[in-house]
Amino acid sequence: ADVGVPASVEGTPVPAAGEVGSQAAIPAFVSVTRLDVSMEDILTGEHAINVHKSAQDIGTYIACGEVGGIRYGDTIQFGLHEQNNSGYTGVALISSDEQNRTNVVVYLAKTAPTGGASSTPSA
């Protein structure tokens with residue numbers, strides 16, 4: 001799924017309000033994906049979340065994190081570290097739902113001194 005400003009959540013359109021608040025704020029981008037596999041199955045293997053530069057440049061990773069960390073109830077959260085000097089870092093949360101599927105939420109921000117994001121990455 002694309003990492004960016006969400007156009008919809010669970011199929012419901014989200015109206016674009018534009019940037020608000022402090023001009024010094026670092027924009028954060030989000031991706032929400034539902035996988036038809038249990039979280040337990042994901043945890044038994046060696047898995048990672050890779051964020052690609054774009055759908056057109058899928059071979060270039062800009063952030064990555066191995067799946068694992070501290071479990072809080074049905075949610076595990078872990079960091080995504082920068083790849084290829086992209087300046088992007090983030091956090092991923094995976095959680096299970098009632099149908100034994102896994103929800104993956106990725107938050108990503110450009111933390112390089114130049115600030116701002118030049119493109120919308122894909123997860």
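1. A polar contact is a pair of N or O atoms within 3.5 Å; within protein, one atom must be able to donate a hydrogen and the other to accept it. In this predicted model, the side chains of Gln99 and Arg101 are joined by such a contact, at 2.9 Å.

2. The setting of Gln99 deserves a remark. Gln99 lies in the loop that runs between strand S8 (88-96) and strand S9 (102-110). Its C-alpha is 9.6 Å from that of Val37, while 62 residues separate Gln99 and Val37 in sequence.

3. As to secondary structure, the chain holds 9 strands and 1 helix. Read from the N terminus, the order of elements is β-β-β-α-β-β-β-β-β-β.

4. Strand pairing may be followed through S5. Strand S4 (residues 48-52) pairs with strand S5 (residues 61-66) in the antiparallel sense, over 5 bridges. Within this pairing, Asn50 is placed opposite Cys64 of S5.

5. S5 also pairs with strand S7 (residues 75-82), again in the antiparallel sense, and 2 bridges are found between S5 and S7. Here Ala63 stands opposite Glu82 of S7.

6. Some totals for the chain complete the note. The chain has 123 residues, and 31% of them count as buried. Its accessible surface is about 7700 Å², with 53% belonging to carbon and sulfur atoms. Where contacts link residues at least 6 apart in sequence, 52% of these contacts join residues at least 24 apart.

How values were computed
Residues are numbered from 1 along each chain as its sequence is written. This is a predicted model: local features need pLDDT of at least 70, side-chain atom pairs count only at pLDDT 80 or more; totals for chains, interfaces and linings use all residues. Side-chain values use heavy atoms; hydrogens and water are left out. Helices (H or I, at least four residues) and strands (E, at least two) are DSSP runs, numbered from the N terminus. Buried means under 20% relative accessible area, exposed over 50%, partly exposed in between (1.4 Å probe, protein chains only). Contact means heavy atoms within 4.5 Å. Accessible areas come from the Shrake-Rupley method with a 1.4 Å probe; for residues, only the protein chains shown count as cover. Two strands pair if DSSP finds at least two bridges between them.
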